[in-house]
Amino acid sequence: MNVPVTIYAEMTPNPATMKFVANKHILIDATVNFFNRQETIGYSPLAEELFNFPFVQGVFISANFVTITKSDAVSWDFVLMELREFLKDWLTEGKDIIIRMPEPKPVETKSEDNKPQKVYEPSEYDQAIVDLLDEYIRPAVEGDGGAIDFRSFEDGVVTVLLKGACAGCPSSTATLKGGIEMLLKEHIPAVTSVVAENA
């Protein structure tokens, strides 16, 4: 017997994003972020359809939720139910969510002025940092409709990549400095600061 699909919407700290949580897994051990309809073609039929809503500016898909970023042109009050029903119908009908995972975007090796940028070398602290992020930070970030990935550690600076609701969120700086940086400094004295890239 099929369990009926339910979707509920959850506010995130980022006012431009809403997290739509399903009672079933959507993606296993992966996350995917799309910033326009073009990026979705051949990869995610669900995200491609979501970009047909004129106010959708970003789609982030993770374990059991979809985080949608909207434009300022419309209030969540006017589109929330429509998006919730759309996602519920899509999942109930068993339509494809992801048909192929996009290739990870390469880290830019040249800056805008065409000068080569630094390529990060692995460090002895990488695994310890990843373990701390996975244990303490990832569950909270996913709870807010986003994701965090470790990028590099160099000269005391940890670089992380913020995705989903966390990218561009007004409170992400406070989270970085007040939460993540404090935690990493406490466990790994070599860490002096944490900076973020947005996906």
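Buried means under 20% relative accessible area, exposed over 50%, and partly exposed in between, with a 1.4 Å probe and protein chains only. The model shown is predicted: local features need pLDDT of at least 70, side-chain atom pairs count only at pLDDT 80 or more, and totals for chains, interfaces and linings use all residues. Residues are numbered from 1 along each chain as its sequence is written, and side-chain values use heavy atoms, with hydrogens and water left out.

**View 1. The protein chain as a whole.** The protein chain holds five helices and eight strands; helices (H or I, at least four residues) and strands (E, at least two) are DSSP runs, numbered from the N terminus. Their pattern along the sequence is β-β-β-α-α-β-β-α-α-β-β-α-β. Of the 199 residues, 40% count as buried. Contact means heavy atoms within 4.5 Å. Among contacts between residues at least 6 apart in sequence, 61% join residues at least 24 apart.

**View 2. The open sheet of five strands.** The strand order is β1-β2-β5-β4-β3, with antiparallel pairing; two strands pair if DSSP finds at least two bridges between them. Because β1 (7-11) and β3 (32-34) stand at the edges with a single partner strand each, one side of each is left without a neighbour in the sheet. From one strand to the next, the twist averages 20 degrees. Helix α3 (residues 76-92) lies across β1, β2 and β5, and runs at about 30 degrees to β2. Such angles run from 0 to 180 degrees between N-to-C directions, and axes are lines fitted to C-alpha atoms, for helices over the stretch in contact.

**View 3. Strand β5 and its two partners.** Strand β5 (residues 65-70) is mostly covered, with five of its six residues buried. Strand β2 (residues 17-22) runs antiparallel to β5 and is joined to β5 by five bridges; here V21 stands opposite F65. Strand β4 (residues 56-61) is also antiparallel to β5, again with five bridges. In this pairing T67 of β5 is the bridge partner of F60, and K70 of β5 is that of V56. A hairpin through three residues joins β4 to β5.

**View 4. K19 and its surroundings.** K19 is found in strand β2. The residue counts as buried because its relative accessibility is 7%. A polar atom of the K19 side chain lies 2.8 Å from the backbone oxygen of E142. A polar contact is a pair of N or O atoms within 3.5 Å; within protein, one must be able to donate a hydrogen and the other to accept it, and residues adjacent in sequence count only if both atoms are side-chain atoms. Leaving aside neighbours within four places in sequence, the contacts of K19 include Y8, F65, T67, E142 and G145.

**View 5. Helix α4 and its bend.** The 18 residues of helix α4 (residues 126-143) should span 26 Å at 1.5 Å a residue, and the end C-alpha atoms are 24 Å apart, which agrees. The expected span is 1.5 Å times one less than the number of residues. Helix α4 bends by about 50 degrees at I137, and a proline, P139, follows within four residues. The bend is the angle between axes fitted to the seven residues ending at a residue and the seven starting there. Buried residues of α4 are D126, I129, L132, L133, I137 and V141. Their cover includes β6 (146-154), β7 (157-164) and α5 (172-187). Just after α4, G145 takes a positive phi of about 85 degrees.
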